[in-house]
Amino acid sequence: MNTERLRIFLVICAAAIAAVVPALAQDAPRSPTPKDSRLPARQVDVARGLEHPWGLAFLPDGRMLVTERPGRLRLVSREGELSAPVDGVPKVRAGDQGGLLDVALSPSFAQDRLVYLSFAEPGDGGASTAVARGRLGERGLDDTKVIWRQQPKVGGGKHWGSRLVFRRDGTLFVTLGDRFLQLEHAQNLGDTLGKIVRINADGSVPKDNPFVGREGARPEIWSYGHRNIQAATLDAQDRLWTVEHGARGGDELNQPQAGKNYGWPVITYGRDYSGAQIGIGTHKAGMEQPVYYWDPVIAPSGATFYTADKFPDWRGDLLVGSLQPGRLVRLRLADGRVQHEERHVIAPGERVRNVRQGPDGFVYLLTDHPRGRIIRLEPGG
Ligand SMILES: [Ca+2]
């Protein structure tokens, strides 16, 4: 082969490799679907008889605030006594997956007594996820105001997302669903369906958000291309981690970064419930791969990093609630990747709606049931 022919040959080889490489792009790691393992903890019922509890926040005085999806907020004493429904909660669109959803305290709650709620808000065109805040007084929430609304409002009762996570800089992440029937909106930067947004504590837009100043884009958007994120939490480095409901076989762990596109519904590891393909496949340039995905799914519901000392073997692990099959999923992470997964049986057949770490270092779970419970996990058992 003379030099010119060799050169042409190499150019053709390079072109062939370039054409094939996208197809060979590496798949994200898939959960090995580990066998169930024993829960190394005793389950203590803290409170019972809550109708589909969803959000849980710990007050500095040791009490808890818990939401019930049909639209009630209650205080729970240390002894597990439930208060009457608290006044001042916004009117919600209750039904299907919607209603009163998450609750979070202001980072400066000790001074301002502000409580944040996410909920399905009815209005023109249907409903959308909204965030309200009010001041916790003797009788309930005072001066409750809606500070932010997902737009547009649409029909249907599914995929509200809606975990509330305050970052250390005082800004608030709100995870949002695609509202199920509106999946293509997840790629549209002109609305807030299928997004994570980052807002200030008063609902205004932080000036350093990634789409501030971009024409046609909503400035509150942090990341996009999401289906329905009900689990979100920060790690020790103040980074956001989310676990997203996929379609069949497409639940995802992500570490959403400013301005990035997480692919839904263009790329996904999931398939439609009919078995049909969704989008174009699993990879596309400019769209992020998940850190990890589950097929079959876990139906993720709430998550927290465990940082206390009651369960030394769990320190640093990401605890994720599973609605279906109903487990406590524990992920050991290293260098931003999943090293190991465990699935602990909580109560056979029971759906875990949320996982929180209490100020006492114990782990608290909510069960998704018409007579749901708050469960405290204590070492032993
Ligand atoms: Ca994705």
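Trainee: Over how many bridges do β2 and β24 pair?
Mentor: Keep in mind that this is a predicted model. One of the bridges to β24 joins Leu50 to its partner Gly372. The two strands, β2 and β24, run in the antiparallel sense, and the number of bridges over which they pair is seven.

Trainee: Which strands stand at the edges of the open sheet of four strands?
Mentor: The pairing in this sheet is antiparallel, and the order reads β2-β24-β23-β22. A strand at the edge has a single partner, so one side of it is left without a neighbour in the sheet, and this applies to β2 (41–50) and β22 (351–357).

Trainee: What does the twist average from one strand to the next?
Mentor: The sheet in question is the open one with the order β2-β24-β23-β22. From one strand to the next, its twist averages 25°.

Trainee: Is Arg371 buried or exposed?
Mentor: Arg371 lies in the loop between β23 (363–368) and β24 (372–379). Leaving aside neighbours within four places in sequence, its contacts are Arg48 and Gly49. Because Arg371 has 10 C-beta neighbours inside 10 Å, it counts as exposed.

Trainee: Which residues touch the most other members of the largest nonpolar core?
Mentor: Ala303 is one of them, and, not counting residues up to four places away in sequence, it touches residues including Trp241, Leu318 and Val355. Of the 82 residues in this core, those that touch the most other members are Val174, Ala303, Val320 and Leu365.

Notes
Residues numbered from 1 in each chain as written. Predicted model: local features only at pLDDT ≥ 70, side-chain atom pairs only at ≥ 80, totals over all residues. Buried ≥ 20, exposed ≤ 12 C-beta atoms within 10 Å, placed from the backbone. Contact = placed C-beta atoms within 7 Å. Core = buried A, V, L, I, M, F, W, Y, C linked by C-beta atoms within 7 Å. Pairing = 2+ DSSP bridges. Axes fitted to C-alpha atoms, helices over the stretch in contact; angles between N-to-C directions.
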